[in-house]
Amino acid sequence: MENTKFHLLLADDDIDDCDFFAEAVSEISSTLTLSVLNDGVALMDFLLAADNPVPNLVFLDINMPRKSGSECLEAMKSSVKLKAIPVVIYSTSLDRTVVNHLYDLGAHYYIQKPCEFTNIKKAITKAISQITELETPERSRAQFIIEP
């Protein structure tokens, strides 16, 4: 990664998963900054607030309180202000029907949360490189699921 800051945002209600994710991000690169929110309403409030930095990439859990990840994704992709922000679904489940629905809603990639710390780092790194390789990230159903 180059020396400019790359802002990641993680929306996930599982505190342990957030801690592992934050530790992985800190080990990947000092050019990454991370914001963490624990529910869908907080995510949408953060994204719509004028004084908050717009993230370069959002990692979004599906099952969150107050507003689900799929509801947030749908709201983001229907918003003129937010629709260009790439979204990577970061979830424990891997239900193919849900995965296909999230692709149809506009998510760029899907990561099933890895169990091992090294695989968390690999998955995050792979998602960032996939998003940053192109000025306008392309979406492909065939490459939607990122394997660490």
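What follows is a chat about a predicted model.

Colleague: Start with the sheet. How many strands are there, and in what order?
Modeller: Five strands make up an open sheet, ordered E2-E1-E3-E4-E5, and the pairing is parallel. On average, neighbouring strands are turned by 20° against each other, direction ignored.

Colleague: Which strands stand at the edges?
Modeller: Strand E2 (32-37) and strand E5 (109-112). Each has a single partner strand, so one side of each is left without a neighbour in the sheet.

Colleague: What packs on the sheet?
Modeller: Helix H1, residues 15-28, packs on the sheet and touches E1, E2, E3 and E4. The direction of H1 makes about 170° with that of E2. H2 packs on the sheet too, touching E1, E2 and E3. For H2, the angle with the direction of E1 is about 150°.

Colleague: Now E4. Is that strand mostly covered or mostly uncovered?
Modeller: Mostly covered: five of its five residues are buried. Val87, Ile89 and Ser91 point one way from E4, while Val88 and Tyr90 point the other way.

Colleague: And how many bridges join E4 to E3, and how many to E5?
Modeller: Three bridges join E3 to E4, and these two strands run parallel. Val58 stands opposite Val87, and Leu60 stands opposite Ile89. E4 and E5 pair over four bridges, also in the parallel sense. The bridge partner of Ile89 in E5 is Tyr110.

Colleague: How does the chain get from E3 to E4, and then on to E5?
Modeller: From E3 the chain crosses through H3 to E4, in a right-handed β-α-β crossover. From E4 the chain crosses through H4 to E5, and that β-α-β crossover is right-handed as well.

Colleague: Ile89 keeps turning up. What does Ile89 touch?
Modeller: Leaving out residues up to four places away in sequence, Ile89 touches Leu60, Ile62, Leu73, Leu102, Ala107, Tyr109, Tyr110 and Ile111.

Colleague: Which residues touch the most other members of the largest nonpolar core?
Modeller: That core has 25 residues, and Leu9, Leu43, Leu47, Leu60, Leu73, Met76 and Ile89 touch the most other members. At least two residues of this core come from each of strand E1 (6-11), helix H2 (40-48), strand E3 (57-60), helix H3 (69-77), strand E4 (87-91) and helix H4 (96-105).

Colleague: What other core lies apart from that one?
Modeller: One of 21 residues, among them Leu8, Tyr109, Ala123 and Ile124.

Colleague: Why do nonpolar side chains sit together at all?
Modeller: In soluble globular proteins, nonpolar side chains tend to be buried together.

Key. Residues numbered from 1 in each chain as written. Predicted model: local features only at pLDDT ≥ 70, side-chain atom pairs only at ≥ 80, totals over all residues. Heavy atoms only, no water. Core = buried A, V, L, I, M, F, W, Y, C linked by side-chain atoms within 4.5 Å. Buried < 20%, exposed > 50% of the residue type's maximum accessible area, 1.4 Å probe, protein only. Contact = heavy atoms within 4.5 Å. Pairing = 2+ DSSP bridges. Axes fitted to C-alpha atoms, helices over the stretch in contact; angles between N-to-C directions. Right-handed = clockwise from strand over helix to strand, strands pointing away.
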